Every structure is written in structure tokens, then in C-alpha cells.
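Reader: Hi! I have a model open here and would like to talk it through with you. Shall we start?

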Amino acid sequence: MKTKPMLGIMTIHAPGIPPFPEKSFYKQIVQTGQSEGIPVIIFHPNAIDEQTQTVKGYTLNQAGNWMSVTTSLPAFIYDRCFYIGKGLNRRYKPYVLKLKENKNIQFLGLGLKGKWQLYQMVSAHPVLSQFLPHTDILNRNKQLSDWLNRYKSIILKPINGSLGMGIIKITEKSGRAYDIEGRDLLNKSFQSSVSNLSSLYQFIQPFIRRWKYLIQPYLTLTSKQGVPFDMRIFMQKDGTGQWISIGKAVRIGQKNSITSNLHGGGKACCFRDFLDRNYNREQIEGILSRVKILEELLPPYIESQHGQLLELGIDTGIDQDGRVWLLEVNSKPGRQIFEQINDQDALRKSQINPVYYARYLMQTRSRRI
């Protein structure tokens, strides 16, 4: 396939004109590319013409308005496709696989495979493994009773889930009864109770038929007011190919929710302000020290085991003793958390660094030729 030394942003269809999400984000990338002399095109995976070896997409004209263009395939691709549901995955996957097989095309980063693969990777590291809660794949009903006997409260997470959808918390009460809460298949909050294990197994069947699940002890990751929260660390490569920390923020959930995800009704706040309100000075020093370990060790280690990466959203929890837990790592993190806390510096860096990193890769490739 013939390729062109340009940056392509690969994304899914969405309502509106032009027909893709994250329009303001992509506009910033295109404008940065124009100022750096790097052409940028936004395209859908299925917009490729195999016969002409071209792709139809969108860029900005001189007036800053979106316009449709047809060009050779971009030599560098920033993958921003989110496959929520099997339909989108089936729709785009064949085209994405062909692009990845093209030796003339380089992806800025390759998507992480899932929570279980991440757990296996990190658990093998002598330092990073300390941040992981006990985790296993849910593959038989008896695990639930064994884990509940040990921990009394457990959480089930879809291996390839996102946005908090399908997450389930189970708490054993006296008399072998159980409280169940979480987010259903439509990402709506629910609460229920059952009186025995048999009813518990029956309740979770619709979930485990749809997704494979991980099982973990439920960690008490709540503020002094009893509100669930987690912390997002946004790591990214810069124009020299080095990992840097772009920013940190705390996501606070709703009072009766078990998740703090922004899509589940959560809100964001400043990381340091949150620490000052909820922990003492000694605890804060310990938290910052552990966060620094994650920032320095986790991105290069994951990349060494997984392959090319551009950015990572590292989600962590902090328990009431100040211990930091690694909850999840996202290779396609959103930026809205910086908008919510009005951190314009972090927001802008997160938007323009993909262009600078692409320029670094282009220069590296040209030196090899």
C-alpha cells in the first residue's frame, strides 16, 4: 500500500457533521499539525478504497472549517476507535487489522488487550505487583462462596468492560443473605438483595453470559464523607519519545454508587486539594511517593511487555490508610477530566503531544532511510 507522511486519526462514526466524536480535540490536533507542517486527516477505518489505495476523511481548510478530502493512506495512525459493543468491533475490525499488517504504517500506540492481561503483566514485576489487589478470573459459581467467606465483600468486573458498565459488588450479610449493587447492562445503577447463594448465582447469570469477569476483594476507596473516588494519572510520550506525566485528577462518584466513573454521574476535582481534605501530612507524603513509583515504572514496563504505546490513563484507588492500589490502565484515555477541573495546561499538553510524538517518529524513520 502506498502511504503518505501524514498523521491519521482513526475514529468511529458519530452523529453530526463531520460524522465523528471528539471534534474539538481533533480540531486542536489538526491545527497543531498545521503549525508544525504535519498534515492531519481524521478518518473511519471502513473509509479506505482498496482499489485506489486511498482513504476519505476530514481536515481543516485555511478558514478553520472542516472539509472532506481523499488522500493516500497516512504513514502514522493515532487510534481513537472505541468499540463499545460487539457490533462496532465487527464493523471496523477487518479494516483495522489490514492497516496493522501494513509494514509502511506505524501506529502511535497499540490498544491494551484487557484487565486480565494487564494483571498478569504487572503481577510479574517485583515492585509494581505490590499495587495490585488479589485478582482471578470468575469461572465457576463456587468461587463466589469461597471469596465471600474470605473477604465478605467482593467486586466483579468485566474483563473488557469500560465506563463502569456491568460492574457488580456483592456483600455477605448475616444468615447467608447478600446485598448486590452495581451498574447493569445499560450502565444504570441498581441495588438488590437475595436470601441465599442459589439466588445470587441466578441473579448474576445475565451478566456472566454476556461478559467474562474478574473477581476481586472490594476495597474501601471512599472519602471521609463515604463517597467513592479514584485518581486518574495521565501519562503520555512527548516530542522526544519520553514518557511524561501530563496531570492528575480525582474522580468522585455519587453517594450511593460503587464507581466514580464520569460516565456514571461522577465529577472531577483537583488531586492535591482532595488529598489535603482527606489525609494527613504523613499519609500525603506516602501517597505522592507511591504515585511517583507508578509514574516512573509502569508506562515503560507495560510498553516493554505489550508493544508500542503513546499514552496511558492510570486509574488508582487510595484506601483510608493511604495505601495506593492500581485499578485499571487505559490506552485510549479521555481528556474531559482536565476540562472539569479547568486544568488548561494539562488539557492542552494532552491534545498536542500526539502531534509532537508523531513528528518524532517521522524524524526517526527518515534517519533510518
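Reader: How many residues sit between S15 and S16 in their hairpin?
Author: There are five residues between S15 and S16 in that hairpin. In the turn, Gly-322 has a positive phi of about 90 degrees. Keep in mind that this is a predicted model.

Reader: Thanks! In which sense do S15 and S16 pair, and over how many bridges?
Author: They pair in the antiparallel sense, over six bridges. As a landmark, Ile-318 stands opposite Val-324 in S16.

Reader: And what about S12 and S15, how do they pair?
Author: S12 and S15 also form an antiparallel pairing, with six bridges. Met-235 stands opposite Leu-312 of S15, and Arg-232 stands opposite Asp-315 of S15.

Reader: Which residue of S13 does Arg-232 stand opposite?
Author: That one is Ala-249. S12 and S13 are antiparallel and share nine bridges. They form a hairpin with five residues between them, and Gly-241 in its turn has a positive phi of about 85 degrees.

Reader: Nice. How many of the residues in S15 are buried?
Author: Eight of its eight residues are buried. In a regular strand, side chains alternate between the two faces of the sheet. In S15, Glu-311, Gly-313, Asp-315 and Gly-317 lie on one side, with Leu-312, Ile-314, Thr-316 and Ile-318 on the other, and all are buried.

Reader: How many for S12, then?
Author: Nine of the nine residues in S12 are buried. Phe-229, Met-231, Ile-233, Met-235 and Lys-237 point one way, while Asp-230, Arg-232, Phe-234 and Gln-236 point the other way. Charged residues such as Asp-230 and Lys-237 are among the buried ones.

Reader: Let's move to the core. Which residues touch the most other members of the largest nonpolar core?
Author: Those are Tyr-279, Leu-298, Ile-302, Ile-314, Leu-326 and Val-329, in a core of 37 residues. Elements that each supply at least two residues include helix H3 (115-123), helix H6 (271-278), S12, S13, S15 and S16. H7 (281-306) gives the largest share, seven residues.

Reader: What does Ile-314 touch, leaving out residues up to four places away?
Author: Ile-314 touches Met-231, Arg-232, Ile-233 and Met-235, then Leu-298 and Pro-299, and also Leu-326, Glu-328 and Val-329.

Reader: And Ile-302, where is that one?
Author: Ile-302 is in helix H7. Its contacts beyond four places in sequence are Leu-112, Leu-118, Met-121, Gly-307, Leu-309, Leu-312 and Val-329.

Reader: Why does Ile-302 count as buried?
Author: Ile-302 counts as buried because its relative accessibility is 0%, and the cut-off for buried is under 20%.

Reader: Where does Leu-7 sit?
Author: Leu-7 is in strand S1. At 0% relative accessibility, Leu-7 is another residue that counts as buried.

Reader: New topic: how many cavities of 30 Å³ or more are there?
Author: There are three. The largest cavity has a volume of about 110 Å³. Its lining includes Lys-115, Leu-118, Tyr-119, Lys-157, Gln-216, Leu-326 and Glu-328. H3, strand S11 (213-217) and S16 each give two or more residues to that lining, which by class has six nonpolar, two polar and three charged residues.

Reader: What volume does the second largest cavity have?
Author: About 90 Å³. Among the residues lining that cavity are Tyr-78, Asp-79, Leu-108, Leu-309, Glu-311 and Lys-332. Its lining divides into five nonpolar, three polar and three charged residues.

Reader: Last one: what lines the second largest pocket?
Author: The lining includes Lys-4, Met-6, Val-30, Gln-34, Pro-39, Ile-41, Leu-60 and Val-69. The space in this pocket is about 150 Å³. S4 (66-79) gives the most to the lining, with three residues. By class there are seven nonpolar, four polar and one charged residues.

Note on methods
Residues are numbered from 1 along each chain as its sequence is written. This is a predicted model: local features need pLDDT of at least 70, side-chain atom pairs count only at pLDDT 80 or more; totals for chains, interfaces and linings use all residues. Side-chain values use heavy atoms; hydrogens and water are left out. A nonpolar core is a set of buried Ala, Val, Leu, Ile, Met, Phe, Trp, Tyr and Cys residues joined through side-chain atoms within 4.5 Å. Buried means under 20% relative accessible area, exposed over 50%, partly exposed in between (1.4 Å probe, protein chains only). Helices (H or I, at least four residues) and strands (E, at least two) are DSSP runs, numbered from the N terminus. Contact means heavy atoms within 4.5 Å. On a 1 Å grid over the protein atoms alone, a cavity is a set of points where a 1.4 Å probe fits but cannot get out, and a pocket is an open set with protein on both sides within 12 Å along at least five of seven lines; lining residues have an atom within 4 Å of a point. Grid points are joined across faces, edges and corners, and a volume is the space filled by probe spheres set on the points. Two strands pair if DSSP finds at least two bridges between them.
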